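Trainee: I would like to learn how to read the features of a protein model with care. Could you take me through one example?

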Amino acid sequence: LDLLRSFGMTTAQSLICETPDAVIEAALALGFPLVLKTAEGIDHKSDSGGGILDLRDMAKLLAAYDNLSRRLGPRVILQNMVEKGVELAFGCVMDPDFGPLVMVAPGGTLVELFDERQSARAPVGVAQAEAMIRRLRVSRLIDGVRGDAPRDMAAAARALADFSQACAALCGKVAEIDVNPVVVTTSGAIAVDALIIAKEA
């Protein structure tokens, strides 16, 4: 997330901790509500119960840390809880013929409802990024349906364009990047979790 932030993306605030005292200190710095995730190198945290959401006080946080550290190890990420929104997934692969290819698709649980994606060669500009998102059916949720407030499509497009710049700049250094979810809220688009796989030497 720090690397993506350096390319202009907005990311959830997060701190890495390895002890209960560090968890307490980080919670005081970040403020509640919080999310606790394992940082023990598990790529797909949800499959192993490696993430605990919506922790609203210190007692619940410390109980969650005790649970997570006993099962998966003491190293964790403490992160601000992001407001609910429409979830997108950004991806990038380094194609041997075409170079960096950037992808956008529904993220989180929405991937089960909308099996679709759009791809383009990186980098893309904001206008092309928005066009890619609008070709997804999930874009209707961003525009607002059944009385829901519209989400920030412009921020989603900027986030995808910034992500594509990262993909282009890191070509030759990484094999794959996966950012899921990117939560599109009424006032922004926030990357919550990321996986970067380095290119083999």
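Mentor: We shall go through a sheet, the helices packed on it, the salt bridges and an aromatic pair.
This is a predicted model, in which local features need pLDDT of at least 70 and side-chain atom pairs count only at pLDDT 80 or more, whereas totals for chains, interfaces and linings use all residues. Residues are numbered from 1 along each chain as its sequence is written, and side-chain values use heavy atoms, with hydrogens and water left out.

Trainee: What is the order of the strands in the open sheet of four strands?

Mentor: Strands of a sheet pair through backbone hydrogen bonds, in either a parallel or an antiparallel sense. Helices (H or I, at least four residues) and strands (E, at least two) are taken as DSSP runs, numbered from the N terminus, and two strands pair if DSSP finds at least two bridges between them. Here the open sheet of four strands runs in the order β1-β4-β2-β3, with antiparallel pairing. Its edge strands, β1 (14-17) and β3 (51-55), each pair on one side only. From one strand to the next the twist averages 20 degrees, where axes are lines fitted to C-alpha atoms (for helices over the stretch in contact) and angles run from 0 to 180 degrees between N-to-C directions. Between β1 and strand β4 (residues 76-80) the antiparallel pairing extends over four bridges, and isoleucine 16 stands opposite isoleucine 77 in β4.

Trainee: Which strands does helix α2 lie across, and which does helix α3 lie across?

Mentor: Contact means heavy atoms within 4.5 Å. Helix α2 (residues 20-30) lies across β1, β2 (34-38) and β4, running at about 15 degrees to β4, while helix α3 (residues 58-72) lies across β2, β3 and β4, at about 10 degrees to β2.

Trainee: How many salt bridges are there?

Mentor: A salt bridge is a side-chain nitrogen of Lys or Arg within 4 Å of a carboxyl oxygen of Asp or Glu, and by this rule the count comes to eight. One of them joins lysine 37 to aspartate 193, with the closest N and O atoms 3.8 Å apart. This pair links distant parts of the chain, since lysine 37 is in strand β2 and aspartate 193 in the loop between β9 (188-191) and β10 (194-198), 156 residues apart.

Trainee: Are lysine 37 and aspartate 193 buried or exposed?

Mentor: Buried means under 20% relative accessible area, exposed over 50%, and partly exposed in between (1.4 Å probe, protein chains only); both lysine 37 and aspartate 193 are buried. Within helix α4 (126-134), the side chains of arginine 134 and glutamate 130 meet in a salt bridge of 2.9 Å, N to O, the two residues being four apart, about one turn of the helix. Salt bridges that share partners join Glu130, Arg134 and Asp143 into one network.

Trainee: Which residues form the aromatic pair?

Mentor: Rings of Phe, Tyr and Trp (its six-membered ring) pair if their centres lie within 6.5 Å, and planes under 30 degrees apart count as stacked, over 60 as edge-to-face and the rest as tilted. The count comes to one aromatic pair, formed by phenylalanine 90 and phenylalanine 163, which is tilted, at 5.6 Å centre to centre and 40 degrees between the planes. Phenylalanine 90 lies in strand β5 (residues 86-95) and phenylalanine 163 in helix α6 (residues 153-169), so the pair ties together parts that are 73 residues apart in sequence. Phenylalanine 90 is buried at 0% relative accessible area, and phenylalanine 163 counts as buried at 0% relative accessibility.
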